[in-house]
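I opened this structure to look up two things.

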Amino acid sequence: MTEEKKEFDVVADILRAAVLGSKESEIITGCELDRNSLEKYMPVMMLLKLISVKKETENFYRTTSKGLEFLRFYHGFRWLLLGKDFDYDLFKTMNELKREEQPYYVS
């Protein structure tokens, strides 16, 4: 990792990268993680059912509905505490997706 990130920030980064589904290599690159960090977080995130994995030639990860709920609270909390509007757009989009019966990207 290029900078020191807090654990919740890393989890949120991974969940954001996997919302529409991502290969393991895409998550490592997009979140600026090393393989050891990914191997540290993924088992816990799968155990908590925040993310699902599909085994193909390369692991394919997708954020679950519970993971989306985590992101909604994470960004709401950051917005509340920090007052930053850079997270507000994602927070607003997450709330709109929450209203749908079953989002198209969660199986």
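**Entry 1: the core.** I looked up which members of the largest nonpolar core touch the most other members: of its 22 residues, these are Ile14, Leu15, Ile27, Met45 and Ile51. A nonpolar core here is a set of buried Ala, Val, Leu, Ile, Met, Phe, Trp, Tyr and Cys residues joined through side-chain atoms within 4.5 Å. Buried means under 20% relative accessible area, exposed means over 50%, and partly exposed lies in between (1.4 Å probe, protein chains only). At least two residues of this core come from each of helix H1 (7-17), helix H2 (24-30), helix H3 (35-47) and helix H4 (65-82). H1 gives the most, with five residues. Helices (H or I, at least four residues) and strands (E, at least two) are DSSP runs, numbered from the N terminus. I noted the general rule that nonpolar side chains tend to be buried together in soluble globular proteins.

**Entry 2: source of the model.** I noted that this is a predicted model, in which local features need pLDDT of at least 70 and side-chain atom pairs count only at pLDDT 80 or more, while totals for chains, interfaces and linings use all residues. Residues are numbered from 1 along each chain as its sequence is written, and side-chain values use heavy atoms, with hydrogens and water left out.

**Entry 3: Leu15.** I listed what Leu15 touches, leaving out residues up to four places away in sequence: Met45, Leu50, Ile51, Thr63, Gly67, Phe70 and Leu71. Contact means heavy atoms within 4.5 Å.

**Entry 4: salt bridges.** How many salt bridges are there by this rule? I took the rule as a side-chain nitrogen of Lys or Arg within 4 Å of a carboxyl oxygen of Asp or Glu. The count comes to three.

I looked at Arg16 and Asp13, whose closest N and O atoms are 2.3 Å apart in a salt bridge. Both residues lie in helix H1, three residues apart, about one turn of the helix. Arg16 is partly exposed at 31% relative accessible area, whereas Asp13 is buried at 18%.

I then looked at Glu24 and Arg35, whose side chains form a salt bridge (2.3 Å, N to O). This pair links distant parts of the chain, with Glu24 in helix H2 and Arg35 in helix H3, 11 residues apart. Glu24 is buried, at 14% relative accessible area, and Arg35 is partly exposed, at 42%.

I ended with Glu69 and Arg72, a salt bridge with the closest N and O atoms 3.0 Å apart. Both lie in helix H4, three residues apart. Arg72 counts as buried at 19% relative accessibility.
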